[in-house]
Amino acid sequence: MSSKLEYTRNIGIMAHIDAGKTTTTERVLYYTGRTHRLGEVHDGNAQMDWMVQEQERGITITSAATTTFWKYLGKEYKINIIDTPGHVDFTVEVERSLRVLDGAIAVFCAVGGVEPQSETVWRQADKYGVPKIAFVNKMDRVGADFFSVVEEIRDKLGANAVPLQIPMGSGEDFTGVIDLIENKAVVWYSDENLGTNYELVEIPDELKEEAEEWRVKLIESVAEADDTLLERYFDDPDSITRDDMLTVMRKSTIEGLAVPVLCGSAFKNKGIQRLIDSVVAYLPSPLQVGGVKGINPKTNEEDIRMPDKTEPFSALAFKIATDPFVGRLAFLRVYSGELKTGDMVLNMRTGKRDRVNRLFQMHANKQNPKEKIEAGDICAAVGFKNLKTGDTLCAIHKPIWLESMEFPDPVIGIAIEPKTQADVDKLGVALGKLAEEDPTFQVKTDDDSGQTVISGMGELHLEILIDRLKREFKIECNQGKPQVAYKEALTRPVEHREVFKKQTGGKGKFADIEVEIMPAEDEFAGLQFIDKVKGGNIPREFIPAVEKGFNTAMMNGPLAGFPIYNLKVVLKDGSYHPVDSDSLSFEIAARQALKNAASKCRPVILEPVMKAEVVTPEEFVGDVVSDFNRRRGKVEGMESKAGSRVIKAKVPLAENFGYVTVLRTLTSGRATSTMEYSHYEEVPEDISKKIIEQIKGKF
């Protein structure tokens, strides 16, 4: 097994918007020698925010990958880093990055603490079992409170947060950190050398007592995680050494039993080198993560591929990007084997072979050509014709299905059209490329109006995509008002028999099905299809056609033509004709069955509801709450935080367009808000009638 892999780390940097992820990444690149000047988000010259839109807005939109190197205890380590967005509209970028990473740095603002999007990305990391290190950033800001953030990580995220450092001062008085493992103070020199030099010194007298208290807590945490150490701890607490602490913390972090917490100020160049040391010390290499599990399509049984270049090749495509110079770039995490330029590989979704024309190691939007990439590494490849996010690539004669990724449905749509007739074809091609890159972006043509409707995760998401059409593809567009992605649901069960007959002379069409149609259980989105046909009344080869028919019919609900959110269909019985029956007949019968039966199932319209969180000064609380009530919102809780009030509410998306502008007016620009999709909920009857009238009035 490759010893090189022991010295590889695949990590992501994740956080709430404005916690300082990109600034932290820029410092990591600078101190590891990857860049020779510090990029700043507010100056628009951050290396990892390479898109024009990112530089203008000071936010991260796409996840950017880079590779850098770091020396720790005399050994050189290779670190692949992915900087992910914090804004909830780009949550897919975080999801697909975490799917392929071995570890993550969760950045928290020392003033804001655990914010809504921090919780979202933390849950995403938990879903994929990604070990985490917490970095409390912005310790130089007024109101910074390291210990309060540690408590919030424990309370809100349910994590076993274990501080390995405590800060020396806060706000303007933040001078360095106390390393509890080394039992020394770490002090950075003035900003003239950009924080490159620091030294370990004795802990100042006024902080010795506090440092001792937290060091005892650290030793207790370490001892509790290891039975042998626990015995030693009871005999002699001082017998637990620095090496013991490092070993146990590494094991606990990798197993997800502990989250080491560090602190610093990325902007003031303090704390980053120790953070990189911790990445190497506590986060796993691909070898420690172990083999990736998949399904062998030949046997339908679980198969494991180890991170070894001698194993058969397997990789997951976690991102597709369009580059103006090299074309379609597919970002791959190689789990086993090796990939060379010119290799033929199998795409499991399409069942087709593809040749890898070129391979690159990425640094933001710059590519470094490579001849081969081995197991455990992240790279970008060119040459794939029909590759989508989440596709498995593998050796042609050793196929394997790796677990793909699930992406949320879009909740908001806008009708667009090009300003000039000459751009009609160009628009179709450009939208196709953008949809390939982003699984949460969908394009469809409205059958009745002929309009092109683009759908995404929020207003900012669509705004950025329209901006990209203008800049990258030189297409100016007119756009309509934002539309909510309503859905429909059936609320009561019904039994139905559908007979489809067609005689046109010669071979006819015949299908007969008996079904029970009802809402699906447990928030299940999509179609739950259960086949209970006995005795061969419907031949086995026609059953998939019945399922396909119901799937197709779900695209048009009975009330206003919105897609049906979830459905359970039990196929109970039926009959067929030995000559006239075929798959198409049964598919049509299923489509007609849903169309004819749906109106008896008391259909309702569902709307997306958003989870909102507003941080406002005390004097504006009443105005903010009454505004939520006006928007059919439900206030679910309030709490005090750093001199402000945090209001949590659930609000229908339809009532929320342009909310940021209204909030600024209400609070003189002093409140901030975050919003993310929560769930679908039944629309009140009076509003449902209005929606149906609007839809019918359009055509």
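## A negative surface patch

In this predicted model, six acidic residues gather in a patch of negative charge on the surface: Glu 212, Asp 227, Glu 231, Asp 235, Asp 236 and Asp 238. Helix α7, spanning residues 227–235, supplies the largest share of the patch, with 3 residues.

Glu 231 sits in helix α7. Glu 231 has a relative accessible area of 56%. Exposed means over 50%, so Glu 231 counts as exposed.

## Salt bridges

Side chains of opposite charge can pair when their charged atoms come close. The whole structure holds 41 salt bridges. One of them joins Lys 340 and Glu 338, with an N to O distance of 3.4 Å. Lys 340 is partly exposed at 38% relative accessible area. Glu 338 is partly exposed too, at 22%.

Another salt bridge links Lys 648 to Glu 613, with the closest N and O atoms 4.0 Å apart. Lys 648 belongs to strand β37 (residues 644–652) and Glu 613 to strand β35 (residues 603–617), so this pair ties together parts that are 35 residues apart in sequence. Lys 648 is partly exposed, with a relative accessible area of 26%. Glu 613 is buried, at 11%.

Lys 648 also meets the side chain of Glu 639 in a salt bridge, at 3.9 Å from N to O. Glu 639 is partly exposed, with 30% relative accessible area. Shared partners join Glu 152, Lys 156, Glu 613, Glu 639 and Lys 648 into one network of salt bridges.

## An enclosed strand, β1

Strand β1 covers residues 8–15. In β1, 8 of the 8 residues are buried, so the strand is largely enclosed by the rest of the structure. Thr 8, Asn 10, Gly 12 and Met 14 point one way from β1. Arg 9, Ile 11, Ile 13 and Ala 15 point the other way. Both sets are buried.

β1 pairs with strand β4 (residues 103–109). The pairing is parallel and runs over 5 bridges. Within β4, Gly 103 stands opposite Ile 11.

## A three-stranded open sheet

An open sheet of 3 strands is ordered β13-β12-β24, and its pairing is antiparallel. β13 (301–305) and β24 (401–402) stand at the edges. Each has a single partner strand, so one side of each is left without a neighbour in the sheet.

Strand β12 (residues 292–296) runs antiparallel to β24, and 2 bridges join them. Ile 295 has Trp 401 in β24 as its bridge partner.

## Positive phi in two loops

Most residues other than glycine have a negative phi. Arg 632 is not a glycine, yet its phi is positive, at about 60°. Arg 632 lies in the loop between α15 (621–630) and β36 (634–641). Its relative accessibility is 25%, so Arg 632 counts as partly exposed.

Ser 668 also has a positive phi, near 55°. Ser 668 is found in the loop between α16 (659–666) and β38 (672–682). With 59% relative accessibility, Ser 668 counts as exposed.

How values were computed:
Residues are numbered from 1 along each chain as its sequence is written. This is a predicted model: local features need pLDDT of at least 70, side-chain atom pairs count only at pLDDT 80 or more; totals for chains, interfaces and linings use all residues. Side-chain values use heavy atoms; hydrogens and water are left out. Patches are made of residues with over 30% relative accessible area and no salt bridge: like charges are joined within 9 Å, nonpolar side chains (Val, Leu, Ile, Met, Phe, Trp, Tyr) within 5 Å. Accessible areas come from the Shrake-Rupley method with a 1.4 Å probe; for residues, only the protein chains shown count as cover. Lys and Arg count as positive and Asp and Glu as negative; His and the chain ends are not counted. The place of a charge is taken as NZ of Lys, CZ of Arg, CG of Asp or CD of Glu. Helices (H or I, at least four residues) and strands (E, at least two) are DSSP runs, numbered from the N terminus. Buried means under 20% relative accessible area, exposed over 50%, partly exposed in between (1.4 Å probe, protein chains only). Two strands pair if DSSP finds at least two bridges between them.
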